[in-house]
Each structure stands twice: as C-alpha cells, then as structure tokens.
Amino acid sequence: MSEMAAGQWRIVLDEAHNALRTAVEAVPADAWHRPTPCERWTVTQVLQHATGDQLAFAAAIGGGPGPAEDPFAPSGQIDGDKLVDLRAALDASAQAWAGVADDDPQVPTPLPQGKLPAHVGAVACALDAAVHAWDIATATGQPSPLGDDLARPLLAVARQIVEPLRAYGAYAPAITGPETDDVSALLAYLGRDPQWSARKA
C-alpha cells in the first residue's frame with residue numbers, strides 16, 4: 001500500500017463514498033428494519049453507524065461537528081428522510097479529505113491509532129464506507145457494490161489497521177476459509193461471511 005500512486009487514494013475514497021450513497025438510495029421503503037451482516041444491527045442502524053463514522057473522520061481532519069450519536073450504539077430510529085444525514089456526512093468527509101495533501105504523513109483520524117499517512121487514513125475511511133455499503137446492499141437484495149479493484153486496496157489497508165480495532169468491537173474476528181477473490185478475502189478478514197444472506201440471518 002505504501003507504493004500507491006500519488007492521489008490514488010482519492011479515487012478509492014470516491015468509489016467507496018459512491019458505493020455507500022448508491023446502496024442507501026436503493027433501499028426499499030419496507031427494508032429499513034431488515035437484519036444485516038452486522039450482527040444485531042438493522043439496515044437503519046448500519047446507516048447510522050456509517051454516517052457517524054464519516055462525520056468522525058471529517059471532524060478529526062477539519063474540526064467540524066462529529067456524529068450526533070454514538071456510532072457504536074445506533075438507535076435504529078431516524079425521523080424523516082433517511083438520506084439527509086448520510087449525504088451531509090459524505091459531503092463533509094469528502095471536503096475534509098480534499099484539503100489533505102496526497103503525501104501528508106500525519107493526518108488526524110478518529111481511529112485509536114491517531115494520525116496516519118494520508119493514503120492509509122483515507123483508505124481506512126473508504127473501507128468503512130465500502131463495507132457498510134456491502135452490508136446494506138446485501139441485506140436489501142442489491143448487487144454487491146464491491147469488486148476486486150476496490151477490495152484490493154481496502155484489504156491492504158485493513159491488514160494494517162484492523163487488529164487493534166477488533167478490541168473496540170469495530171470488527172468481528174476474522175473468518176477462516178477459502179479466499180476465492182479479493183472481495184471474499186476482505187469480507188472474511190473483517191469477520192463477514194461472504195455468502196451471507198438474510199435467509200441465513
């Protein structure tokens with residue numbers, strides 16, 4: 001990951017943000033309370049968590065307001081348009097990262113690791129958005145928003161940052177098993193069953 005071309009992390013972050021936005025926009029009206037691959041969390045709760053995490057990154061970098069509620073204890077209740085807060089959070093995150101130099105070695109993050117090189121911190125932010133996009137898409141019968149081209153850089157950074165985060169409950173223990181492609185390897189490493197379906201939940 002240290003060999004990532006200058007600015008490539010911006011493409012990864014943009015693709016992850018778009019994946020999350022697109023997955024949420026396509027959630028059917030009757031699907032917000034469905035179970036997801038995030039154990040014990042509904043689609044709405046995953047949305048709240050993902051929104052809060054993007055706000056947390058934006059606040060760490062730019063000093064703006066952080067999430068209004070604990071991303072790790074989402075209420076599951078959103079009054080009104082469920083997309084408003086997400087769109088604002090994605091905009092805030094994108095704007096914050098836009099002000100970061102490609103090669104900045106010390107970018108503030110909300111992660112326990114604190115400051116990280118720009119390409120690591122930004123892809124960590126992208127990892128959160130992309131994986132929760134997968135959670136929401138999978139729970140609501142949408143095509144997977146993850147492809148190998150996106151999963152590959154996410155997996156490289158996940159292997160650098162995730163182990164300390166498991167202690168905070170951010171990720172479940174890794175699942176062992178055959179890794180047929182980068183997407184399944186990423187999901188399994190983050191403790192998600194690549195073959196998860198609502199029928200098995």
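**View 1. The second largest pocket has a volume of about 300 Å³.** This is a predicted model, in which local features need pLDDT of at least 70 and side-chain atom pairs count only at pLDDT 80 or more, while totals for chains, interfaces and linings use all residues. Residues are numbered from 1 along each chain, and side-chain values use heavy atoms, without hydrogens or water. A pocket here is an open set of points on a 1 Å grid where a 1.4 Å probe fits, with protein on both sides within 12 Å along at least five of seven lines; lining residues have an atom within 4 Å of a point. The volume is the space filled by probe spheres set on the points, which are joined across faces, edges and corners.

**View 2. Helix 2 (43-62) gives the largest share of this pocket's lining, 4 residues.** Helices are DSSP runs (H or I, at least four residues), numbered from the N terminus. Helix 4 (118-139) and helix 5 (148-166) each supply at least two lining residues as well.

**View 3. Here we look at Leu 127, which touches Leu 154, Ala 158, Ile 161, Val 162, Tyr 171, Leu 186 and Leu 190.** That list leaves out residues up to four places away in sequence, and contact means heavy atoms within 4.5 Å.

**View 4. Two cysteines, Cys 38 and Cys 125, have sulfurs 16 Å apart.** The count of disulfides comes to 0, where a disulfide is a pair of cysteine sulfur atoms within 2.5 Å. Cys 38 is buried at 10% relative accessible area, and Cys 125 is buried at 0%; buried means under 20% with a 1.4 Å probe, protein chains only.

Conventions. Buried < 20%, exposed > 50% of the residue type's maximum accessible area, 1.4 Å probe, protein only.
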